[in-house]
Amino acid sequence: MNAAARVADETFSQRAHAFARIHVGADSRALVANLDTHAELIDDGERSYPVSIDDGEAQDNAWVCSPRTTYGAYATEEALRYAPTLLGAPIRAAGRGLDRWLRGARIDRAVAINNWWLSTNLYPRWRIGCAQRLLQGALQRWPGHAVWLRSLNRDDHADWLEECERLGFLLIPSRQVYLFRDVAALAQRRHNLQIDLRLARKQPHRAGDGDIGGADYARIAWLYARLYMDRYSRCNPRYTEAFVRSWHRAGLLQLDGFRDEAGQLMCIAGVFRQGRTLTTPIVGYDTDQPQRLGLYRLLTATTFERAIASGDAINFSAGAAGFKRLRGGQPSIEYSAVYARHLPARTQRALGWLSALTRRAGVPIMRRFEL
C-alpha cells in the first residue's frame, strides 16, 4: 500500500471514529428527529466503518436507515409526484399494501455498513476481500439481521459491487444520482455553471465555514427542513440543531452559505467529504424567498467552487435532474447491496422480489424520465 492510500485509509477511519463519538450510545432522535436507530463501528482489518443497527420495530423511520421507508412510503411519494392525477388513488392503495408486506417480511431488521445517516454515503477505495471481511464480522455480531451497503454505483464502486455479487448479495436499485468529475473543465464548457459561479462571486454577505456557529445551527436546521421536509418528503431525515452543531464542530460537515443584510442566513450547503469526493447532504434555503434570488444556484455554486479548488469529484445525489444535467452531471444508478441468505424464507423472498422489480421496472423508469 502506498503512502497516499495509507493516509486515505487513516483519514476515513478517523472520520468514522468522529462519527462514533457523536452517535454511539446517543439517542438518535435527539440528532435526527425522525430516526430511531443506533450506531456502532465495524472494521475490515484496515479501516473502521459506522454501522446503523435496526430491529424493525420503529414506525415511520427516515429512509436513510429504513429499507421499508425507502421502497415503500418514499417510493410511493415519488410515483405520485410523476404519475397522472387519476392514478393517485390506486398508487396510494398499492403503496399501503406494499408497506404492510415489507413490514411483515421484517425488511427493516437490518444492519447497514458504512451508513453515515446521510442520503449519500461515500466509500473508501476498495481493497481485495474487504466486503467479505465486513460481511463475516456483521454476521457474527448480528446474525438475525440482513446486511446492507447503501449508496453504491457502478461508476465509483464497480469493485465493491462485483465482490458483493460474488458473495451472494442482492442488488436493489434505489435512485439515479448525478456525478461530476473534473469540475474545473466543466466550468469552462458549461454555460449554466459559468453563470452560477459568477453569481456566487458577486453575491455579498457570504458566510464561509469559519464564519458559522452559535445561533446559526438552529437556523441551518430550519432552512434544511423548509426544503427537504416541507417541500420534498417527510421521509427525509429531519436533522436537528444538535446534529448540525456536532457534525460541524467535529469537522464532518463543512458549511457554506449567504446571509441577508441583517446577518441572518438565507441559505446553506453542508459538504461531507471522503477521499476525493464531495457530497452535500445538507442543503436548505427559505422557500418563501423569491425565486429570482437564485438561492439554490448559489448553494450548488459554493460546492462547485470547493471541487474546483481541490480537484475533487462531486456526487450531487438525486433530485433536480434537469438542473444537474445542464451543469454536466452524469447520471448513475445507485444500488443497495443486501445479504440475506441466512434469514427466513419470507425475508429472502421479499428482498428478491424488490431486486427484480426495481431492476426490471424501476431502472427503466428512472432512465426514461431522467429522474
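**Exercise 1. Which residue in S4 does Ala-110 stand opposite?**

Solution. The model is predicted: local features need pLDDT of at least 70, side-chain atom pairs need pLDDT 80 or more, and totals for chains, interfaces and linings use all residues. Residues are numbered from 1 along each chain as its sequence is written, and side-chain values use heavy atoms, without hydrogens or water.

- Step 1. Find strand S3 (residues 109-113) and strand S4 (residues 146-153). Strands are DSSP runs of E, at least two residues; helices are runs of H or I, at least four; numbering starts at the N terminus.
- Step 2. Check the pairing. S3 and S4 are parallel, with four bridges. Two strands pair if DSSP finds at least two bridges between them.
- Step 3. Read off the partner. Ala-110 faces Ala-146 in S4.

**Exercise 2. Describe the setting of Arg-47.**

Solution.

- Step 1. Locate Arg-47. It sits in the loop between strand S1 (38-43) and strand S2 (48-55).
- Step 2. Classify Arg-47. Its relative accessibility is 1%, so Arg-47 counts as buried. Buried means under 20% relative accessible area, exposed over 50%, partly exposed in between (1.4 Å probe, protein chains only).
- Step 3. List neighbours. Leaving out residues up to four places away in sequence, Arg-47 touches several residues, including Asp-9, Phe-12 and Trp-160. Contact means heavy atoms within 4.5 Å.

**Exercise 3. Compare the span of helix H11 (residues 295-310) with the expected value.**

Solution.

- Step 1. Count residues: H11 has 16.
- Step 2. Apply the rule: 1.5 Å times one less than the number of residues. This gives an expected 22 Å.
- Step 3. Compare. From first C-alpha to last, H11 reaches 23 Å, close to the expected value.
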